Amino acid sequence: MARVHIAAALATACFGLLIAFHLISQFGLPDVVNFNQSKKPVNTAPNQIPFIPEESQAGADDGGPAYLLGTGKADITGPVVEINLMGYADPDQVGTGLRQRLYSRAFIAGEIDKPEERIVYLVLDTQSGDTAVRHGILEGLKELGSEYAIYGKNNVAVTGTHSHSGPGAWLNYLLPQITSKGFDQQSYRAIVDGALLSIKRAHESVAPGYLSVAETQIHDANVNRSPYAYLANPDKERARYEYDVDKTMTMLKFRNQHGKDMGVLTWFPVHGTSMLGNNTLISGDNKGVAAMLFEKDMRGSERDFVAGFSQANVGDTSPNVLGAYCEDGSGERCNFEDSTCGGRSQQCHGRGPFFRSKDQGAASCFEIGRRQYAGAKALYQSMTTEDSIPLSGPIRSLHTYHDLSNFTFQHHNGSLVTTCPAALGYSFAAGTTDGPGAFDFKQNNTGSPNANPVWSLVRNFLREPSESQKTCHAPKPILLDVGEIERPYLWTPNIVDVQLLR
């Protein structure tokens, strides 16, 4: 998630409690799959294939279908005007219209001999897969009747493409609701209802079929937006990787028993920040473009073809592939250590392929989407003849909630270590080169705060972090102790979803 725009997160902080109680009176109380975060090691096996091939089992050896497969797609666009966009968390970024409709794409894979063993993987054209949205989908599945009882919290995975250009106001916790001025039922229901419809369509299309997997490298669609931070990793660790971001696209192809391709599900890491913070038209950003191009290309031969461009180990991957430059007239590179220009972050911006176009990033967005599409299409075509692995083996899933605010575990050096509640540091308020923050915050702030002392007063007004909390987060100076603020309800989660799919 892009770091919250400081003008929103802090300018309103002094009035946080008042706003929050107002939100309750106006809107009421509302109410994820984590893949490997490492990059592909040099000269080693790929580490980003969600479905691991196993020894061939019954069905694969005799040429019979290996799985029950289904794909579906439905609209989730919601309100496009007079609502804050979700991603940059800038309260002034309010929708004024529509550039591209948003969708939920659903992919189902299950065992033939045990049809109750199946998974549903959702790719939403949203900033993230949220707790409130996930809850709404699960409750909606219950209302669809006994036929859908096989879908529940363990096997339904809700992911977002991480687009920063969709309507907001649908998230569960208070912090992201501040900039959207509350929780909007229309925005929320559009996502939930569309996701349910995509699952229903995928379920109705379920038929015996085959899964195969392959991967390729896309070298021109992402860069590291925090290269100085990356250099803080040990030399030995960095030596394991060819690049400072993952360049791997992994594709899972769905084909029915009659040889018809039903869809593809891809994973590639790049932020949905091609559209800039001054954009006010709704779109699915670069992954929305990639999906649109692939599906349009397939429309002649496979009309119901569904192309999911899912997010991967996104980290600090940026679509602004030309790097970060100062927009102060100097044309110089931003300061390497803290991404500033003249000591401030506001003028440091990453540049996309067509940064000179005065279109809020639209041309660059299309180009980064096209590059993902081109890589995916070439990989798809190669899978028809070579370079793909047919998959077989059991389908399994699990889901649990885990409190990470006080989790004790053994470190690899043998010592016992403990986590602590979530907190946001001063550097978060500086944003990134994709979306700089405001005021005098800077990236790479460790140790003592490097901003105006007034922010310490703002922090303490909301909640002053304890000495143990400060020690736990050190050397990061705490700006907002969000994990310990519970008035009027939680600002951010400490209990998180943990889900695994096989």
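These are my notes from a look through this predicted model.

**Ground rules.** The model is predicted, so I kept in mind that local features need pLDDT of at least 70 and side-chain atom pairs count only at pLDDT 80 or more, while totals for chains, interfaces and linings use all residues. Residue numbers start from 1 along each chain as its sequence is written, and side-chain values use heavy atoms, with hydrogens and water left out.

**Overview.** I started with the protein chain and found 11 helices and 23 strands. Those are DSSP runs numbered from the N terminus (helices are H or I, at least four residues; strands are E, at least two). Of the 502 residues, 54% are buried. Buried means under 20% relative accessible area, exposed means over 50%, and partly exposed is in between (1.4 Å probe, protein chains only). The chain exposes about 21600 Å², and carbon and sulfur atoms supply 52% of that. Areas come from the Shrake-Rupley method with a 1.4 Å probe; for residues, only the protein chains shown count as cover.

**Aromatic pairs.** How many aromatic pairs does the structure hold? I got 14. Rings of Phe, Tyr and Trp (its six-membered ring) pair if their centres lie within 6.5 Å; planes under 30 degrees apart are stacked, over 60 edge-to-face, and the rest tilted.

I looked up Phe294 and Phe309: the centres are 6.3 Å apart and the planes sit at 55 degrees, so this pair is tilted. Phe294 is in helix H8 (residues 285-298) and Phe309 in strand S13 (residues 306-311), so the pair ties together parts 15 residues apart in sequence. Both Phe294 and Phe309 are buried.

Next came Phe441 and Trp455, a tilted pair with 5.4 Å centre to centre and 40 degrees between the planes. Phe441 lies in the loop between strand S21 (424-425) and helix H10 (454-462), while Trp455 is in helix H10, so the pair ties together parts 14 residues apart in sequence. Phe441 and Trp455 are buried as well.

I also noted a cluster, in which ring pairs link Phe294, Phe305, Phe309, Tyr373 and Tyr380.

**Lysines over rings.** Lys73 lies over the face of Tyr103, 4.3 Å from the ring centre. The cut-off here is NZ of Lys or CZ of Arg within 6 Å of the ring centre and within 35 degrees of the ring normal.

**A loop residue.** Last, I checked Leu231, which sits in the loop between helix H6 (227-230) and helix H7 (235-238). Is Leu231 buried or partly exposed? Leu231 is partly exposed, at a relative accessible area of 43%.
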